[in-house]
Amino acid sequence: MHDFRYLGKRLFCEGVGVETLAKRFGTPLYVYSQRTLTRHFQELDRAMSPVEHLICFAVKSNSNQSMLRTLANLGSGFDIVSGGELARVISAGGDPRQCVFAGVGKTEVEIEFALRRGVYSFNAESEAELHRINRVAARLNKVAPVAVRVNPDVAAQTHTKITTGTYENKFGIAFEQVDAVYARARRLKNLRWRGVQMHIGSQITAVRPFAQAVRKVLPLVRRLKERHELEFFSIGGGLGIIYQPALASGMAQWWNSAAAKNILTPETYAARLVPLLKPLGLKILLEPGRFISGNAGILVTRVEYVKRTGRKNFVIVDAAMNDLIRPAFYEAYHEIVPLTRQGGALIKSDVVGPICESGDFFCKDRPLPKVGEGDFLALLSAGAYGFVMASNYNTRSLAAEVLVNGKLAAVVRERQSVKEIWAGEKVAPWLK
Ligand code: LLP
């Protein structure tokens, strides 16, 4: 559930008309709802309350500092994957001691930075990485808290580009090798085992793959806990959200549909997993990104042209794949709605951006209301893996971001100026 809804004909984010924001701040524009972000964090936190736990928000899904600050104020920890993300979290007021550092390619510089800042755990993805962390820790005269990311080799039933927990993927250490890795690493004097981690993939909309993976690794976790005095077990992130039409079809209608009965809620997730996890007696870490930030954001865009050509009705908008790459990259579905609702017949349309690539589309042959130049559209569920994956392709500026809280709205990232795009570039001296 989110806080983008029509009041009369106009789309609102909480208490603010979205079109007012589009006119005031320009488009393409990301608009975030603080209330939605907060609610999703709290729902999951509440559902998991029967076990000692810490939610470590996956910063990669949305790293705007206002979003991070909101979550830090709610007591969230953070799942980070680079030195840059750690610096961001610190700058936003997050606590490094509540950060877990994941990723297959941590550099020495990143490891040193994270060690100095005192992250809660390095989630190591290879034995070579454990050796590197040990070396850096020895040099700094520190003991590094570590966990291994276990690759449980289970199918996550999601898009191949976001499946991470099978032996086809580069992530983690194979399930069968983990016992030996923990035993061997005891010789590394500047490491201390703190936990064990896994993550099977993203946008998983059924509880079964999570339960399967947890069941599979539980005996291993129990063994490791006994042998190495672990403190936590991280079950990763990956909880999926609703991308399918929920708003355009009328919320109530959708929520009564068969599809709604099968969605993954914090309650169904916790009901299946808590009974498995509680007897372990470990602190449970969760690393959700999309579940918390996904439905908390939309991307607002203006219609530049409508062009009928061949068999198609193309709606050409001012946002593009550089602003939101998910449809181009994962064939992802984002619901598209007008900021001002009108009646009338729906027309099969391709909503496309101005970038010179056929892949630059947001939808194909989708029945949409008739729109014309100057109308605004919103791409929903764009709060996760939206702005963070934006680029300057075609020398297009990064969009602005706005945060709404009730009737308040603030720009939380200025639109990038064109000059900023090439600010770091130089003409080679021999060309001058
Ligand atoms: N923990 C680890 C170790 C991860 O690799 C990820 C995501 C997460 C947590 C958070 O997953 P979430 O709860 O957000 O599903 N760009 C893709 C998603 C890539 C996810 C990568 N890892 C997309 O737009 O669908």
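Is tyrosine 182 buried or exposed? At 0% relative accessibility, tyrosine 182 counts as buried, where buried means under 20% relative accessible area, exposed over 50% and partly exposed in between, with a 1.4 Å probe and protein chains only. Before I go on, a word on the source: this is a predicted model, in which local features need pLDDT of at least 70 and side-chain atom pairs count only at pLDDT 80 or more, while totals for chains, interfaces and linings use all residues. Residues are numbered from 1 along each chain as its sequence is written, and side-chain values use heavy atoms, with hydrogens and water left out.

I start with the aromatic rings. A pair of aromatic rings is described by the distance of the centres and the angle of the planes. Here rings of Phe, Tyr and Trp (its six-membered ring) pair if their centres lie within 6.5 Å; planes under 30 degrees apart count as stacked, over 60 as edge-to-face and the rest as tilted. Searching the whole structure this way gives seven aromatic pairs. One of them joins tyrosine 182 and tryptophan 193: the centres are 3.7 Å apart and the planes are at 20°, so this pair is stacked. Tyrosine 182 is in helix α7 (residues 178-185) and tryptophan 193 in strand β11 (residues 191-198), so the pair ties together parts that are eleven residues apart in sequence. Helices (H or I, at least four residues) and strands (E, at least two) are DSSP runs, numbered from the N terminus. Tryptophan 193 is also buried, at a relative accessible area of 9%.

Phenylalanine 210 and tyrosine 269 pair edge-to-face, at 5.2 Å centre to centre and with 85° between the planes. Phenylalanine 210 is buried at 4% relative accessibility, and tyrosine 269 is buried at 0%. Elsewhere, Tyr30, Tyr32 and Phe387 make up one aromatic cluster.

Rings also take part in contacts with charges. A charge sits over a ring if NZ of Lys or CZ of Arg is within 6 Å of the ring centre and within 35 degrees of the ring normal. Lysine 216 has its charged end over the ring of phenylalanine 175, 5.0 Å from the centre. For arginine 366, which lies over the face of tyrosine 333, the distance to the ring centre is 3.9 Å.

Apart from neighbours within four places in sequence, alanine 185 is in contact (heavy atoms within 4.5 Å) with Leu130 and Trp193.

Next, helix α5. Which residues of helix α5 (residues 108-117) are buried? They are Glu110, Ile111, Ala114 and Leu115. Seen down the axis, these buried residues fall within an arc of 130°, so they line one face of α5; the arc is that of the directions from the helix axis to the C-beta atoms. They pack against α4 (83-91), β7 (99-101), β8 (121-124), α6 (127-139) and β9 (144-151). Val109 and Arg116 are exposed, on the face of α5 turned away from its buried side.

Now strand β5 (residues 53-58). Six of its six residues are buried, so β5 is largely enclosed by the rest of the structure. In a regular strand the side chains alternate between the two faces of the sheet. In β5, His53, Ile55 and Phe57 point one way, and Leu54, Cys56 and Ala58 the other. Two strands pair if DSSP finds at least two bridges between them. β5 runs parallel to strand β13 (residues 283-286), joined by three bridges, and histidine 53 has isoleucine 284 as its bridge partner there. Three bridges also join β5 to strand β6 (residues 77-80), again parallel, with phenylalanine 57 opposite phenylalanine 78.

Last, two antiparallel cases. β1, β2 and β3 form an open antiparallel sheet in that order. β1 (4-7) and β3 (16-17) are at the edges with a single partner strand each, so one side of each has no neighbour in the sheet. Strand β20 (residues 400-405) and strand β21 (residues 408-413) pair antiparallel over five bridges. Their hairpin has two residues between the strands, and glycine 406 takes a positive phi near 65°.
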